[in-house]
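Take a walk through this structure, one element at a time. Keep the sequence and the 3D view side by side.

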There are 2 protein chains.
Amino acid sequence: MNASGKIWTAGLVIIGDEILSGRTHDKNIAQIASWLQVQGIRLSEVRVVPDVEARIVDAVNALRNTYDYLFTTGGIGPTHDDITVDAVAKALGLTVVIHPDARDMLETYYASIGKELTEARLRMARVPEGAELIPNHMSGAPGIKIDSIFLMAGVPHITAGMLDALTGTLEGGAPLLSNTIGCWTAESEVSEILREVEKAHDGCQIGSYPFFREGRVGANFVIRSIDADDLQSCIDTLCEALSEIGLDFTPGGI
Amino acid sequence: MNASGKIWTAGLVIIGDEILSGRTHDKNIAQIASWLQVQGIRLSEVRVVPDVEARIVDAVNALRNTYDYLFTTGGIGPTHDDITVDAVAKALGLTVVIHPDARDMLETYYASIGKELTEARLRMARVPEGAELIPNHMSGAPGIKIDSIFLMAGVPHITAGMLDALTGTLEGGAPLLSNTIGCWTAESEVSEILREVEKAHDGCQIGSYPFFREGRVGANFVIRSIDADDLQSCIDTLCEALSEIGLDFTPGGI
């Protein structure tokens, strides 16, 4: 556990009619969640809202006041449905300005591919006043940091580049450690064991994730703790208990 | 447009530490969103919350009071981390009871695979009082309907079976129609066209979804409307405008 014991948390607002229509499968939740784990920050809530300013403002205000950090994905491109900058500025009571460095980045990028910086493309240099930029080596259009809010792209591989640029820059706590034990059993066979082992190990959580593969039922048990010793002790107890009732298990999960 | 013109809406609460940790990639948002579209119901908000009763209660109460229908996924299995039934009952001020038909279904199912209905498995027959069951042909454990709230499994293919069972049983409005035009262009080349075409066509929305494939940038433009004629007219105008600036386009999207 880190010195203060503080658990750092983050919220995520996904702005996207395309996610709510089912057209696009979201990949940013898992990507951002995994990245946050490594920074010692826990993703605590996600909201997916449509491309409607008032809905974005409400979600941003609800989550920025509840968690240490807030991430958004989507709506920072050059088209008319890209309204995230305006919505976040409104939520914070700020005006929207052209960031000179963003304008330079876009000019350099479009010159490099033989294109002009049109009015539409210049939209991607708009930020809430006082914001900093998050470099994006994929397309020249930066992400945006304002206070503890991070505005990322909707396209997952562009968001990945922005996360790389942020790695190690956010204060976090001890990362939540986890380990998985897989077992070819119906989870209902072992539910009492899971409950009792979790209860006996303070600071550890056990999640049970059933699956059906190769014609057989199985489950992965994910044990989580911020303390490595507690985690190992909980895993040992669980494996012993599974052995006692004659079940084989697979360290690392199935 | 349907007679009343009412737009039916739904919220979705995803209960899952495994989604928030990044371990599991969510597939239920897209699956439920697509299914709702066909029922003439619009998915309007999604919240992902951890396996913590108070957080589930808050999300359920926020969304059930805002939208016509509420779906939840996850947390209805037999293990200690399955607390959705209790949380939804608490949100509604109801007690939790064993549903006799659910008990029968589970008895039949476990007898058919040569197993007993243990105390842990009987947990899957617990429902908020007054609830109806949603059949699940995959595993014997039913989904649950209480008022306009639908409690579904977390495992996507089990949820798929429950959605099948519900098909055609929910009142909805005119389905939101959509069509896609794909174009090998940077979206910033056409942002003004998109804005103007959308503005000229009441009741139509145009979403722009950029991509980077085969070394080239492109974008799909998704046009949506509940009126087929409005939709076609908007598509025609957009295609004309793209042709005028010399762009080829692919009906149906790229």
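Start at a turn. Strand 10 and strand 11 of chain A form a hairpin with two residues between the strands, and in that hairpin A:E214 takes a positive phi near 50 degrees. The model is a predicted one. Its confidence can be stated briefly. Chain A has a mean pLDDT of 92, and 98% of its residues reach 70 or more. The ipTM is 0.86 and the pTM is 0.87.

Now follow the hairpin into its strands. Strand 10 of chain A covers residues 205–213, runs antiparallel to strand 11 of chain A and is joined to it by nine bridges. One point to locate is A:F211, whose bridge partner in strand 11 of chain A is A:G218. Strand 11 of chain A also pairs with strand 9 (residues 177–183) of chain A. That pairing is antiparallel too, over seven bridges. Here A:G182 has A:N220 of strand 11 of chain A as its bridge partner.

How far is strand 11 of chain A enclosed by the rest of the structure? Strand 11 of chain A spans residues 216–225, and seven of its ten residues are buried. The strand is therefore largely enclosed by the rest of the structure.

Cross to chain B for the sheet. Four strands of chain B form an open sheet in the order 10-11-9-12, with antiparallel pairing. Which strands lie at its edges? They are strand 10 and strand 12 (250–251) of chain B, each of which pairs on one side only. Strand 12 of chain B is joined to strand 9 (residues 177–183) of chain B by two bridges, and these strands run antiparallel. Within strand 12 of chain B, B:P251 is the bridge partner of B:I181.

B:G207 sits in strand 10 of chain B. Is B:G207 buried or exposed? It has 24 C-beta neighbours inside 10 Å, so B:G207 counts as buried. Beyond its neighbours within four places in sequence, B:G207 is in contact with A:D17, A:E18, A:D81 and B:V222. For a sense of span, take B:P128. B:G207 and B:P128 are 79 residues apart in sequence, and their C-alpha atoms are 40 Å apart in space.

Strand 2 deserves a separate look. Strand 2 (residues 41–49) of chain A pairs with strand 2 of chain B in the antiparallel sense, over three bridges. A:R47 has B:R47 as its bridge partner in strand 2 of chain B.

How are the copies related? The same surface serves both copies, as 100% of the contact residues of chain B recur in chain A.

The largest nonpolar core has 104 residues, and A:V13 and B:V13 touch the most other members.

End on a loop, with another positive phi. A:D147 lies in the loop between strand 7 (143–146) and strand 8 (149–152) of chain A. Its phi is near 55 degrees, a positive value in a residue other than glycine. With 14 other C-beta atoms within 10 Å, A:D147 is partly exposed. In chain B, B:D147 is found in the loop between strand 7 (143–146) and strand 8 (149–152). B:D147 is not a glycine, yet has a positive phi of about 55 degrees. B:D147 is partly exposed, with 14 other C-beta atoms within 10 Å.

Technical notes. Residues are numbered from 1 along each chain as its sequence is written. Chains are lettered from A and ligands numbered from 1 in the order in which they are written. This is a predicted model: local features need pLDDT of at least 70, side-chain atom pairs count only at pLDDT 80 or more; totals for chains, interfaces and linings use all residues. Two strands pair if DSSP finds at least two bridges between them. A nonpolar core is a set of buried Ala, Val, Leu, Ile, Met, Phe, Trp, Tyr and Cys residues joined through C-beta atoms within 7 Å. A residue is buried if 20 or more other C-beta atoms lie within 10 Å of its own, exposed if 12 or fewer, and partly exposed in between; C-beta atoms are placed from the backbone. Two residues are in contact if their C-beta atoms, placed from the backbone, lie within 7 Å. pLDDT is the predictor's confidence in each residue, from 0 to 100.
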